[in-house]
Amino acid sequence: MGLLVAALFGSGDFLGGIASRRASTLVVLATAQVCALVGAVLVATLAGGEPRPEDFVLGAAAGLVNVTALGCLFRGLAIGRIGQVAPIAAVIGATIPVAWGLLTGERPGPVALCGVALAVVAGALIARERDDGDGHDDRRALLFAIAAGVGFGASFVLFASTDHDSGFWPVLSARAAAAAGVFVVVAITRTSLRADRAPRLQAVASGLFDVSATALLLVSVRVGLTAVVAPVASLAPGFTVGHAWWYLHERPTRVQKAGVVVALAGLVLIALG
């Protein structure tokens, strides 16, 4: 499930990134979050569950933190070197829930822990890109990368803290809060939501991937250990890069190829552990 979460998040990030090249990041986020909200309504009502009030609060907090992290990631990628921003965000985003899981008493076996370490390293290696040209605002980009990683990791922990009997209602409250937060920013900045058909459709698909990944993430942390699921889910950049290789014909670097090998080794160890 963690691997499927990574595939969905990675695919959604790719589509969102492509859409952001032709439309405002706020427009892409707003469109994606509205679609994710519609999907969350369907998933939550069909799955049922008995959520507590605190589950709605935790979900809403996770949604606000997550969409803020996504905005920071997009901004960091826009002004800095992708090869620095993406791996920093990925590693921090994986490390926080792993540390939280260990601190709260989760005890994966030694083999699984080795796999976890390899998965974290693989996420950083796969996310690396060639750095062509200068003129990047590396200091600000680094801050955005750190903020994105902390946000992604914190949202993971918040989702993992919801009750197992709450169904997918925390996902619904997360998407509702995220959509509301984005539209508040749109209203304050008076950003036009107009966009061409292609980036709008890409944003729609990104939102559907996002809500699907979030729902599966909730399932995976309820049936498995957070310290194991988080680093596998953090392999999302691998799928983003894979789409770039396939659709945009971007050639992988040796570091990225090594990251794929490390990721496969980590997944094998986690499965054996």
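Reader: In this predicted model, which residues does Phe159 touch, not counting residues up to four places away in sequence?
Author: The model is predicted, and contacts are taken from its atoms. Contact here means heavy atoms within 4.5 Å. With residues up to four places away in sequence left out, Phe159 touches Ala62, Pro170, Val171, Ala174, Thr214, Leu217 and Leu218.

Reader: Which residues have the most contacts inside the largest nonpolar core?
Author: The largest nonpolar core has 34 residues. Helices that give two or more residues to this core include H1 (2–20), H6 (138–160) and H8. Those with the most contacts inside the core are Phe9, Phe156, Phe159, Phe168, Val171, Leu217 and Val221.

Reader: How many residues are in the other core, the one with Leu70 and Phe74?
Author: This core lies apart from the largest one. Ala178 and Val186 are also among its members. Its number of residues is 9.

Reader: With which side chain does the side chain of Thr214 make a polar contact?
Author: Not counting residues up to four places away in sequence, Thr214 touches Phe9, Phe159, Val171 and Arg175. The polar contact of its side chain, at 3.4 Å, is with the side chain of Arg175.

Reader: Why is Ala145 counted as buried?
Author: Ala145 is in helix H6. Leaving aside neighbours within four places in sequence, Ala145 is in contact with Val85, Ile88 and Ala89. The cut-off for buried is under 20% relative accessible area. Ala145 is counted as buried because its relative accessible area is 0%.

Reader: What separates the C-alpha atoms of Ala145 and Gly93?
Author: Along the chain, Ala145 and Gly93 are 52 residues apart.

Reader: Where is Leu193 found?
Author: Leu193 is one of the residues that make the nonpolar surface patch. At 34% relative accessibility, Leu193 counts as partly exposed, because that class lies between buried, under 20%, and exposed, over 50%. Leu193 is found in the loop between helix H7 (169–189) and helix H8 (197–223).

Definitions and conventions: Residues numbered from 1 in each chain as written. Predicted model: local features only at pLDDT ≥ 70, side-chain atom pairs only at ≥ 80, totals over all residues. Heavy atoms only, no water. Patch = residues over 30% accessible without salt bridge, like charges linked within 9 Å, V, L, I, M, F, W, Y side chains within 5 Å. Areas by Shrake-Rupley, 256 points an atom, 1.4 Å probe, with all protein chains shown as cover. Salt bridge = Lys/Arg side-chain N within 4 Å of Asp/Glu carboxyl O. Helix = DSSP H or I, 4+ residues; strand = E, 2+ residues; numbered from the N terminus. Buried < 20%, exposed > 50% of the residue type's maximum accessible area, 1.4 Å probe, protein only. Core = buried A, V, L, I, M, F, W, Y, C linked by side-chain atoms within 4.5 Å. Polar contact = N/O pair within 3.5 Å; in protein donor to acceptor, adjacent residues only side chain to side chain.
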